[in-house]
Amino acid sequence: MTIAPIEQEVTVAAPPARAFEIFTRDIGRWWPKGRTVGAKPHAAIVIEPRAGGRWFERDDEGAETQWGTVIAWAPPARLVLGWSLDAAFKFDPDLVTEVELTFQDAKEGKTRVTLVHRDLERFGESAQKVAAQLGGGWPTMLGHFADFTAEHSTQKETSR
Amino acid sequence: MANTSAATAALGALGDGTRRAIFERLARGPLAVGALAAGLPVTRPAVSQHLKVMKDAGLVIDQARGTRRVYRLDPRGIGALRDWLEDFWAGGLAAFEDYVDDNNSEETDHDDRAD
C-alpha cells in the first residue's frame with residue numbers, strides 16, 4: 001500500500017554547485033515567510049551540512065521546530081532529507097519520509113532541480129503508534145485514505 | 001492549487017487524540033455514532049461533537065441509514081496532507097527559483113564580462 005510520491009521540478013539560473021549551496025545554506029532566506037510549520041514565522045531555517053545533521057526552523061525568539069534530519073549530503077548532485085513531521089505537524093523522530101533533491105547540470109549555467117517526497121504512507125504508521133497509546137490498533141491512516149480513494153464498495157459496517 | 005485551508009483544517013482536526021481514534025475506527029469501515037462511542041472512553045455526546053468538528057474539517061461524511069446516522073471517511077478529505085505538502089513544496093521551489101535569479105546574477109554578469 002503506497003501513496004504516489006510528490007514529484008516536482010524547477011530549473012534555476014545557477015550551476016549545480018551554486019544551486020546546491022543556495023538551496024541548503026540560504027534556505028532560511030528564500031523559503032517564503034509564513035509558509036513554514038513553526039508557531040511563528042521563521043527567522044532561520046537550518047540544514048546542517050552533513051548526513052545525520054538536523055533540519056529545523058528557528059523563530060526570532062530562538063524557538064526551534066525540527067522538520068527532520070539530513071539523510072544524505074552529496075553536493076553538488078544530491079541531497080536527501082528526512083521529513084519527520086507527523087500529520088499533526090509534530091516532530092516524530094520515528095517517522096521518516098524521504099525528500100530527495102537532485103541537482104542536474106542543465107547547461108548554460110543552469111541546474112534542473114528535482115524534488116521527490118516519498119514514503120507518504122508512513123504517516124499512517126506513525127499514527128498507529130499514537131493510537132497504540134490510546135489503547136487501540138491503528139490501520140495506516142493515509143494508506144486507508146488511499147485505499148478509500150479507490151472507492152471499493154465492499155466496505156461493511158463493523159459489528160462485533 | 002491545493003486547497004490549503006481545507007488541508008490544514010483536516011490535519012488540525014486530527015491533532016486531537018480522540019478524533020484520531022475515531023478516524024482510525026472509521027478507516028476500517030463506516031460506523032454509527034453509538035458503535036463509535038462504545039469503543040471509546042468518551043461519552044456519546046462527546047463523540048457527536050468530535051464528529052461535527054471532523055465533518056466541518058472535511059474528514060468524515062454522514063449518511064442516514066434507516067434510523068441511524070452512519071459516519072465514514074470523506075473521500076474529499078483524502079490526501080489532505082499530500083495536497084498540503086504538494087503546495088508546500090511548490091511554493092518553496094518557486095521561491096528558490098526566484099531567489100537564485102536574484103542572487104546568482106553577479107556571477108553570471110562576471111562570466112559575461114570575461115568574454
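This section describes the two chains of a predicted model, chain by chain and then at selected residues.

Chain A holds four helices and seven strands. From the N terminus on, its elements follow the order β-α-α-β-β-β-β-β-β-α-α. Of its 160 residues, 48% count as buried. The accessible surface of chain A comes to about 7700 Å². Carbon and sulfur atoms supply 50% of that area. Among contacts in chain A with a separation of 6 or more, 40% involve residues 24 or more positions apart.

The seven strands of chain A build an open sheet. Their order across the sheet is E1-E7-E6-E5-E4-E3-E2, with antiparallel pairing. Strand E1 (6-12) and strand E2 (44-47) of chain A form the edges. Each of these two pairs on one side only. Neighbouring strands are turned by 20° against each other on average, direction ignored. Within the sheet, strand E4 (residues 64-74) and strand E5 (residues 78-83) of chain A are partners. Six bridges join them in the antiparallel sense. In this pairing, Ala72(A) stands opposite Val80(A) of E5(A).

Helix H1 (residues 16-25) of chain A packs on this sheet. The helix touches E1, E2, E4, E5, strand E6 (97-105) and strand E7 (111-118) of chain A. Its direction makes about 150° with that of E6(A). Seven of the ten residues of H1(A) are buried, so the helix is largely enclosed by the rest of the structure. The buried set consists of Pro16(A), Arg18(A), Ala19(A), Phe20(A), Ile22(A), Phe23(A) and Thr24(A).

A loop residue of chain A was also examined. Pro41(A) lies in the loop between helix H2 (27-30) and E2 of chain A. Its relative accessible area is 48%, which means that Pro41(A) counts as partly exposed; the exposed class begins over 50%. Leaving out residues up to four places away in sequence, Pro41(A) touches Gly34(A) and Asp59(A). Glu57(A) is 16 residues from Pro41(A) along the chain. The C-alpha atoms of Pro41(A) and Glu57(A) are separated by 9.0 Å.

Chain B contains six helices and three strands. Read along the sequence, the pattern of chain B is α-α-β-α-α-β-β-α-α. Buried residues make up 45% of its 115 residues. Chain B exposes about 5500 Å², and 49% of this area comes from carbon and sulfur atoms. Among contacts in chain B between residues at least 6 apart in sequence, 51% join residues at least 24 apart.

The three strands of chain B form an open sheet in the order E1-E3-E2. Pairing in this sheet is antiparallel. Strand E1 (31-32) and strand E2 (60-65) of chain B stand at the edges. Each has a single partner strand, so one side of each is left without a neighbour in the sheet. E1(B) pairs with strand E3 (residues 68-73) of chain B over two bridges, in the antiparallel sense. Here Ala32(B) stands opposite Val70(B) in E3(B). Helix H2 (residues 17-28) of chain B packs on the sheet. H2(B) touches E1, E2 and E3 of chain B, and its direction makes about 90° with that of E3(B).

H2(B) also meets helix H4 (residues 44-56) of chain B. The axes of H2(B) and H4(B) come within 10 Å and cross at roughly 80°. The range from 65 to 115 degrees counts as roughly perpendicular; the two helices, H2(B) and H4(B), are therefore roughly perpendicular to each other. H2(B) contributes Thr18(B), Arg19(B), Ile22(B), Phe23(B) and Leu26(B) to the contact. H4(B) contributes Val47(B), His50(B), Leu51(B), Val53(B) and Met54(B). By class, the contact has seven nonpolar, two polar and one charged residues.

One residue of chain B links the description back to chain A. Glu97(B) is placed in helix H5 (residues 80-103) of chain B. With a relative accessibility of 29%, Glu97(B) counts as partly exposed. Apart from its neighbours within four places in sequence, Glu97(B) is in contact with Val10(A), Thr11(A) and Val12(A).

Terms used
Residues are numbered from 1 along each chain as its sequence is written. Chains are lettered from A and ligands numbered from 1 in the order in which they are written. This is a predicted model: local features need pLDDT of at least 70, side-chain atom pairs count only at pLDDT 80 or more; totals for chains, interfaces and linings use all residues. Side-chain values use heavy atoms; hydrogens and water are left out. Two strands pair if DSSP finds at least two bridges between them. Contact means heavy atoms within 4.5 Å. Axes are lines fitted to C-alpha atoms, for helices over the stretch in contact, and angles run from 0 to 180 degrees between N-to-C directions. Angles under 35 degrees count as roughly parallel, over 145 as roughly antiparallel, 65 to 115 as roughly perpendicular and the rest as oblique. Ala, Val, Leu, Ile, Met, Phe, Trp, Tyr, Cys and Pro count as nonpolar, Asp, Glu, Lys and Arg as charged, and the others, Gly among them, as polar. Buried means under 20% relative accessible area, exposed over 50%, partly exposed in between (1.4 Å probe, protein chains only). Accessible areas come from the Shrake-Rupley method with a 1.4 Å probe; for residues, only the protein chains shown count as cover.
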